[in-house]
Amino acid sequence: MTNAMNDATTLKDALALYGGAKAKPTPNHPMFPGGLEVGDEERQLVLEVLASRHLFRYYGPAMGIAAHVSKVEQFETEFREKIGVNHALAVNSCTSGLITCLIACGVGPGCEVIVPAYTFFATCSAVVAVGAVPRICDVDDTLTMDPTALEKLITPRTRAIIPVHMRGAPCDMDPILAIARTHGLKVIEDVAQACGGAYKGRRLGAIGDCAAFSLQYHKIITSGEGGVVTTNDPDLYERALWVHDAAACWRPNRFASAAQPNQIFCGYNFRMAELTGAVALAQVRKLEGLLARMREHKARILGQIRDLPGLEFRRLTDPAGDTAIALFFYLADPRLARRFGEAIKAEGLPGGSAFDQDIPDWHIYYHWDQIMQKASPFADGFPYTYHEKLTGVPLQYSKTSCPQCNDLLSRAITIDIAPRLTSEDCNLIARGIRKVAAALL
Ligand SMILES: Cc1ncc(COP(=O)(O)O)c(C=O)c1O
């Protein structure tokens, strides 16, 4: 055996996967960035709501008391200022926020909406919920919507595009907006996973026509469940208000007749409760701190692995605007990525390979069986059958329609960057990646 072969065998033997000592023996933190920071600030604001017994944002015992400000309203004001947008409307989830945006934009039965192949399935659900159908767009090496693939999906029925700032990183909004403007399409940003991120100096959620954020427990800031719609457009905002509150409690004069035809229509109930608003308010005040910590950790890890041969890092459209919730790199082939992923897991690192055809993950179109099968809760197969009747063309979804997504994700390794990591944890993560790279690449 040559010395080089001996070295390679020794390096492999040292991997935790084969019984060696873990590179990172310290515990990992679950990826609940804001959730793990819930503390006195949230408690105080929740207690204020309970003390006032004013549990509903639009009315209650504190109504008419000048000093009383709804917690939901206060949250909206601070969120709007943080994102740098004219209007913020609190809702009860990002899914309902997306439905609100779609209806506000006039998207409904017979329309097509373009969504990326890499996003949580809820982005598609919202489209189907309004009676439209999704067109699935491939992603590029940013792991967000590929503008070149996007333009090819536009048909006379396309009404909107939903770019998703996936895993904390901004989409390439300039070309997406340019394409949308050329074809007269609305742009609805899905910012569920990237609250506080930015693109070329503007915060995500302030760039498209409107946007939806999530406050679900996994997200950067959280109230357990919840969401926010943002827009600069006063008309979209008014329509969003109608969609989110069928009871029209938001109107100063609830029963006033419409000033224009179709101004008043049947909405839903997507309102946010005061107790939720209290937690969301405390959390929005923690956003900058969370982002600063994740960005510092990511930079520390990257600084120690950037030079490794064989690692190709996810391209960021604006590195300064990355929320830094995750670090991604691509390896040469899927088999290697699967092995690498298992090895870093065994080393105690908070990560692994990003895609496995055999493991269901509703963040990847490949696993969206509901869409692939055009499954419908209705006997007549609405909305797919309705769309097919209008166009005379069967809708076809396939697990191979987005080859770049399949290729990139099957070669990708992802690491969660929790705010609670210490500097030492970050050094150990970097050490683990270097150790596995030395043995396997
Ligand atoms: C990209 C994306 N969009 C939408 C959603 C839906 O969010 P919610 O659970 O608040 O409805 C999620 C949630 O995971 C998401 O990750």
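Visitor: How do strand 10 and strand 11 pair, and over how many bridges?
Guide: Strand 10 and strand 11 (residues 326–330) run antiparallel to each other and are joined over two bridges, where pairing requires that DSSP finds at least two bridges between two strands, and strands are DSSP runs of E with at least two residues, helices being runs of H or I with at least four, numbered from the N terminus. This is a predicted model, in which local features need pLDDT of at least 70 and side-chain atom pairs count only at pLDDT 80 or more, while totals for chains, interfaces and linings use all residues. Residues are numbered from 1 along each chain as its sequence is written, and side-chain values use heavy atoms, with hydrogens and water left out.

Visitor: Which residue in strand 11 is the bridge partner of E312?
Guide: The bridge partner of E312 there is Y330.

Visitor: And what is the order of the sheet?
Guide: The open sheet has four strands in the order 10-11-13-12, with antiparallel pairing; strand 10 (312–313) and strand 12 (351–353) are its edge strands, each pairing on one side only.

Visitor: Switching to the ligand, which residues are closest?
Guide: The ligand is surrounded by 15 residues, the closest being T95, D190, Q193, S214 and K219, where a residue counts as near if one of its heavy atoms lies within 4 Å. The shell divides into five nonpolar, eight polar and two charged residues, and helix 4 (94–104) and helix 5 (122–129) each supply at least two of its residues.

Visitor: What distances do you get for the side chains of D190, Q193 and K219?
Guide: An N or O atom in the side chain of D190 is 2.7 Å from a nitrogen atom of the ligand, whereas the side chain of Q193 places an N or O atom 2.8 Å from a ligand oxygen atom, and a polar side-chain atom of K219 also lies 2.8 Å from an oxygen atom of the ligand.

Visitor: How much of the ligand does the protein bury?
Guide: Taken alone the ligand exposes 400 Å², and the protein buries 91% of that, with accessible areas from the Shrake-Rupley method and a 1.4 Å probe.

Visitor: Where is the cis peptide bond?
Guide: A cis peptide bond joins F382 and P383, with omega about 5°, and P383 is in the loop between helix 12 (369–372) and helix 13 (384–391).

Methods:
A polar contact is a pair of N or O atoms within 3.5 Å; within protein, one must be able to donate a hydrogen and the other to accept it, and residues adjacent in sequence count only if both atoms are side-chain atoms. Ala, Val, Leu, Ile, Met, Phe, Trp, Tyr, Cys and Pro count as nonpolar, Asp, Glu, Lys and Arg as charged, and the others, Gly among them, as polar.
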